[in-house]
Amino acid sequence: MSDTGRTWAKLKRYPALLLLVLVYVISCLVVVGNVIRGAGGAPGEEKKKVLRFAHWQLEPGIRSAMDELIADYQEVHPDIEVRQILIPEEGYFRWVNTQLIGRTAPDMIECGSGGTVGWALWPKFYARYFMPLDRYVDQPNPYNKGTEFEDTPWRKTYFDEMEGGYDDSLQSYYRVPLSAFTVRLYYNKDMIEEVWGPSFPQTYEGFIELCEELERYGEEQGKKLVPIAGSGYNFRQFFNAFRTAFTADYQDRLDRDFDGTVSRAESAGPLYSGAVGMTEPPIRANFELVRELSAYFPQGYTSLDRDEAVFLFLQGHSAMITTGSWDYKSLGVQSEFTIGVTDIPLPSKDNPRYGQYVAGPQTEAGLEGGFPMGITKISGNADLALDFLQYAASLRKNEELNRAMYWLPVIKGAEPREDLRPFAPHIEGYSPSIEYANPGAELAYDQTSLLYLSGKISYEEFAKDLLAAYRRDGPVGMDEYFKNNEQTLDQQMRSAALRRAAIAGAEGAAPVLTGDSETQYRRIMEAYVAQLGTRNNEVRIWAENVRLLERSTP
Amino acid sequence: MRFRLIGIVLLALLGATLGACGRGAERGGVEDVLKEGWRAYSTGDFDFAIQKFESVGEAPGATPEQHFSALLGLATSYHLRSNPDLEQARLWYERLGELKTGDAQRQSLLGLGRVDLAEGKSGAGQTNLVRLIQDFPDSVEANEAVVHVADSLFKPTGKDSEPGQFSLAGGAAVERGLNMLEERLRAYPHNTLATTMHLMLAGKYIELQQFEKAVGHLLAAEEEGIAGVMLQSVTLWRIARIADLELKDYDLAERYYAKYAEEFPRTTLYYRATKSLERVRALKKEGGA
Amino acid sequence: MMLPTLALVALFMYWPAVSGVYHSFYRWDGDELATWVALRNYSRAFTDPVLGRAFIIVGILFVASLFKMIPSIITAVVIHRIVSDKMRYLYRLLFVVPMVIPWMVVLLIWKFFYNPVVGLLNSFLNGTGLMEVLVAVNAWLVKLDIIQTVVFEAGRNPAWLGDADLVLPALIFWGFPWIGIIGVLIYLSGLEKIPRSVYECAELDGVGWFGKFLFIELPLIATQVRINLVLMIIGVLKGYGLILVLLGESGGPGGAAMVPGLYMYYNAFVRREAGYACAIGILLFFVILVLTLINNKLVRVEK
């Protein structure tokens, strides 16, 4: 046996060691390769600049629509290559987290996934890793040249003034929404026409009658038929629509700092002390209506998930379902019946039980929207990334893109597909003015409200249990809430300090920033004191309600 | 012999890897190191930022301006990172203060004052910040110092042992804070942070339910110019709302609801603004009749 | 040679545990922010009614799981007693083959099984007339004031995962007929060590089939029973994946299935109070440790 053969024979006796060495060698080569190539991705062909953007929309229509947009953009900019990075939704948030921490993130990232965990973490990501866009939103979008928006500030070209791209906690724009999503009631048109007639009821009263007709129809046919395919996922869409309608007028009472929104603390304090009671008629009406409606959902619907509800609808076991415009195409493809779309009907003013409490529908302005893209600070091509997003959010291109994707455009005047017109966002409406899931009591609220809505307990028991939870869990919850909000203030101070360093001429500070430092510094400080004011107001409201409760408790 | 060779190759690979990773630190010189430090700071990688700034301190031939940047970077990183090291921050702010330039002095005083406040030494903190205001009255840092002093006087305090219990700032402290802001605006009505101060005063007056004064400052903020778009919309809304619900000044309310609806026609509050405008107009008509 | 393995074990198993103990004394958001709070998380855990109830719920599931171990033992014994080698192998194979189905798929199948509208369980109960029996029994128990709640009503399908009174029974019933393949294989490995001569002696002494089980097989697989008991204690007490998938992060209606593991998850990832979640985890560790020690004392291994 040769020397090499003997060496190999010896090494083969230690397979684990061999494997370790192999992995080590590969790792070293990958690390060296990455460092040599530099951060931000592989070089493009023929020395093109490469822009990468990541998203989780794996549906075939989305990918191909983006490919078309990219092809058009690359025609305009032959020196730029744009690449899509597709990550499945289940792992997307974790992938983003890793990429951002590891400083290997692409230039643009679709924001906003990750469920409950993500909801809390995205503001932190924005502050740390994403470029604020404030200085750009008031400039015209260069790609709207030749259109009616040629001189219009970019944000004003959006159907909602780009409110969907604004982060309230950081008081800055971080996202460029490329699509809008709205929620509607989908129905089996063929079945409804057979049972009810050609026109879908526009009021809650008519809607309930329809549900009863459908139940009778099911019994007559010997079918398993549930009027509405409710589930733990989509019943909240009904609930939120009614919550807004019934509680919009609480804003006058609860919005103590007059900023136009009722914060969680502004809502929590009065609910904690009882200054706002769960047995007040509009609030009670809100819950009672949803419980009444849930009689037409599947039994135990709160344990059903979205897919089960969709299954019931598509199999003809349910005549209606609420979901978003994002599902329109896939439901259309899978269903064997014609699908109709309408708004969730609210009680009319004449409704003897609920009419007096209904202020109006929910506004769809300010929705975070679909495909909100953020530009990472790590990107070496931030200006090009912005350019690409401006292209995608221009009047003509946004219309083309969304028509190809079967989604709703976000730019005013951009026409959606004809069959998506029922999904066009309604700006006119109210925002919710009360939040029942107070800090600390979210779990108790989730659990107790489901007991009430499933008919296990009476409203009085529900209100009593919830009030007990507010009082038991509220203090610790509010403490955590205020401490967590301090983090936003800290983040603003960090940004302010950097801008101040640039203004003071600290070498190396200015080149890492975009925009005029003095203007941005002012903007940050204004947002900072606005947050301070909110904090002080919220603490005052909470402290007052604590004292109120102490005084009223014998 | 062969195993020795394999071992040498593996070590060389390790060396190449470390060398490649370390290349960034030696590239370009002090200016690039500072840039990397501030970039790391901006993305929240404070440990790396501190490392970079510290290496400038040791670098031969760094200019005074570069030293200033490095010291400021160190102090700020220790001060403002997620788990602040206030002791280190104080040390570096003091070292910064030893540089004789105005920028360094101001940043040092501002930083020391804020570190004192963060440590709960409100007296010492306010003293440092007031000294900054007195020694450098025209500076950007003095403006910010006023804001921080006012905040320290307005801020409620929680009790760790009793979650959910808060002590609100006392009347005298609040009065002091308000006076400080008002005085600053009187002396420097168009300073860099004039709008900030107006908004801060407005917020406090709203909290104290002194709505006339609040609206006065909101109007002044609007006139001075608000940099943030959404804050502009909130300010217009606030003026309209307070005028409507608290001051019963329906002319002002009408003007500002209309202004809101015109300038922010597609936002969440637009519908409320139009409905409120209708209501206010009806009230005015009633009042007129 | 062991160094790389030890290093990896230290990094991926011991380090997270040490970090968990460390952070249990902090107010920690799971990311960077950590403030020392000494024993506050622990004092909060001891006075938290939700956690107390969670331990009661997991206690019920634990007791049920004790009974659910029996079918695996019986199955192993039955397979072991098959005379034909080929048939014994075939039965073992038939039990093992379903293992290739991913656990998540099984879970989703069971979720569908429990579906109130189209699920198999309700269809079976309605089709066989058992639903009427359940309705009648429910009504009778309510009439006698033994229970107050009506879960089985004529004309309405029970919501096995949507009714607070049915959630626990549904979770206990999950996995029926409770023949854990791993358990069966572990018991079989123990049973196969029993020499044939022992059985022959028993037969000579006139010991019947149940006597053989009670006096020969059960004592001689006590080691395997103990191993499975420890695994079961750990699995049941810290497990929550099943409940998270079936019922969501709030543990179902009324928190009927909120177990300590799920409550730990909720605090860590929903409330972002990871420090408190670590404290719950440490308490859970001690509970498991105590139960394991009790198990080791009570389940004696015959040498």
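The lining of the second largest cavity in this predicted model comprises five nonpolar, four polar and two charged residues. This cavity has a volume of about 90 Å³. Chain A contributes Ala497(A) and Arg500(A) to the lining, while chain B contributes Leu72(B), Thr76(B), His79(B), Leu80(B), Tyr93(B), Gln107(B), Leu110(B), Gly111(B) and Arg114(B). Three helices each supply at least two residues of this lining: H18 (459-503) of chain A, and H4 (64-80) and H6 (102-118) of chain B.

A search of the whole structure identifies eight cavities of 30 Å³ or more. By class, the lining of the largest cavity divides into eleven nonpolar, six polar and four charged residues. Helix H19 (517-552) of chain A, together with helices H10 (194-207) and H12 (229-247) of chain B, each provide at least two residues of that lining.

Attention now turns to chain C. Two packed helices are described by the angle between their axes and the distance between the axes. In chain C, helix H4 (residues 70-80) packs against helix H12 (residues 209-220) at an angle of about 95°, with the axes 12 Å apart. H4(C) is therefore roughly perpendicular to H12(C), since angles from 65 to 115 degrees are classed in this way. On the H4(C) side, the contact involves Ile73(C), Val77(C) and His80(C), which meet Phe213(C), Glu217(C) and Leu218(C) of H12(C). Four nonpolar, one polar and one charged residues make up this contact.

Conventions:
Residues are numbered from 1 along each chain as its sequence is written. Chains are lettered from A and ligands numbered from 1 in the order in which they are written. This is a predicted model: local features need pLDDT of at least 70, side-chain atom pairs count only at pLDDT 80 or more; totals for chains, interfaces and linings use all residues. Side-chain values use heavy atoms; hydrogens and water are left out. Axes are lines fitted to C-alpha atoms, for helices over the stretch in contact, and angles run from 0 to 180 degrees between N-to-C directions. Helices (H or I, at least four residues) and strands (E, at least two) are DSSP runs, numbered from the N terminus. Angles under 35 degrees count as roughly parallel, over 145 as roughly antiparallel, 65 to 115 as roughly perpendicular and the rest as oblique. Contact means heavy atoms within 4.5 Å. Ala, Val, Leu, Ile, Met, Phe, Trp, Tyr, Cys and Pro count as nonpolar, Asp, Glu, Lys and Arg as charged, and the others, Gly among them, as polar. On a 1 Å grid over the protein atoms alone, a cavity is a set of points where a 1.4 Å probe fits but cannot get out, and a pocket is an open set with protein on both sides within 12 Å along at least five of seven lines; lining residues have an atom within 4 Å of a point. Grid points are joined across faces, edges and corners, and a volume is the space filled by probe spheres set on the points.
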